[in-house]
Amino acid sequence: MNTKISEIDESSLKLSKEIIEDGGAVAFPTETVYGLGANAFNTAAVENIFKIKGRPNDNPLIVHVHKDYDLSALVDFVPDYAVKLAKAFLPGPLTMVYKSKGKVSPAVSCGLETLAVRIPSHEGAQRFLKYLNLPIAAPSANVSKHVSPTAAEHVFYDLNGKIELILNGGKCSGGIESTVLDCTGEAPVVLRSGLITREMIEKVAGSCAEYVYKEGAAARSPGMKYKHYSPACRTSLYAYEERFAALAEYKSERGRGVKAFILCDNQTATELKAEYVLNLGSTENEIAANLYSKLREGEGMADYIIAIAPEKQNGVMAGVMNRLKKACGSNL
Ligand code: TXA
Ligand code: MG
């Protein structure tokens, strides 16, 4: 199969509709990362997404809808705090988990009684979802366990020959996956951190808890238990306080001929003055937006990526830290 990258226009939207209605999958941009979408009502189409990605079949998918879609057709029991949160943050990088009405294929939620719903703000995503007027089940459009894609070329690299069409909406401005928020209880619970931070949710909803997954336990959000986002080279993660130990490690590896690169923010890069750096930028939003593209750039030229954690660990940096730990297989 030839994989085509197309700008989002009438003809590519028409083709995407044909593919999706025929039970196929189309990659599309969102403000976080690219998604690989299929018709959420069609079980074979949803199962095919798991196959294309090599995704474990107990890791549920998020359903994407356009901003005017009537969600009450899909989910039940939307609590007051969720209505407030939706008003404040949607469309945007916040996925909300509700009790499912069981209308979409059971393959979407892997048999769970809940359904994760997302209304992306990316203009191209909105056009695509509006044009199809269907709930679109979509994981990130990478091969399972690889780094999530933040550009059409990343999707092409991972899925060339496996899908027909990639809708090109440019570089994703957000860069890390949406915040996943459990809205089935009395108060919201963050299952996966992201750009809509726990602090932001707390301000609107009054309170917000964070779920911490313990190794071996039944995960409330199955995605948590998998090693994700890994680049195809050796990696390690150092705490910010250990940055000079990271520099020493980099120098010793370079001394042995290993192509080591330091991955860190601009301030740390300036302080350490290493020659080979994957610079994530200065502001929190820049760091999040660049994280995956720098990991992909790094795996193309490095034998070994030595990542240094950001100094700050809350807000947006909580999401960045979560992804860095997964990329580096670190318990830091
Ligand atoms: O930003 C994003 O969320 C991107 C774009 C494409 O929208 N999508 C994405 O999908 O990151 P994926 O499949 O890579 O991650 C979905 C996450 C997983 O951690 C999964 O366990 C969780 O959402 N999830 C999905 N349905 C759930 C449910 N019913 N209950 C709890 N967690 C759920
Ligand atoms: Mg993913």
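1. The model is a predicted one, and the remarks below should be read accordingly. Helix H1 comprises the twelve residues 10-21.

2. Which residues of H1 are buried? They are Ser12, Leu13, Ser16, Ile19 and Ile20. These residues cover an arc of only 120° around the axis, and they therefore lie on the same side of H1. The face turned away from that buried side carries Glu10, Ser11 and Glu21, which are exposed.

3. The cover over the buried residues of H1 includes strands S1 (4-7), S2 (26-28) and S3 (35-39). It also includes helix H4 (123-132) and strands S8 (136-138) and S9 (165-168). Just after H1, Gly23 adopts a positive phi of about 90°.

4. The second largest pocket has a volume of about 230 Å³. It is lined by 14 residues, of which Leu71, Val78, Val83, Ala86 and Tyr98 are the closest to its centre. Helix H3 (80-89), strand S6 (94-100) and strand S7 (114-118) are the elements that give two or more residues to this lining.

5. Which element gives the most to the lining of the second largest pocket? It is H3, with four residues. By class, the lining of this pocket has eleven nonpolar, one polar and two charged residues.

Methods. Residues numbered from 1 in each chain as written. Chains lettered and ligands numbered in written order. Predicted model: local features only at pLDDT ≥ 70, side-chain atom pairs only at ≥ 80, totals over all residues. Heavy atoms only, no water. Expected span 1.5 Å × (residues − 1). Buried < 20%, exposed > 50% of the residue type's maximum accessible area, 1.4 Å probe, protein only. Arc of directions from axis to C-beta. Contact = heavy atoms within 4.5 Å. 1 Å grid on protein atoms, 1.4 Å probe; cavity = no way out; pocket = protein on both sides within 12 Å on 5 of 7 lines; lining within 4 Å. Points joined across faces, edges and corners; volume = space filled by probe spheres on them. Nonpolar A, V, L, I, M, F, W, Y, C, P; charged D, E, K, R; others polar.
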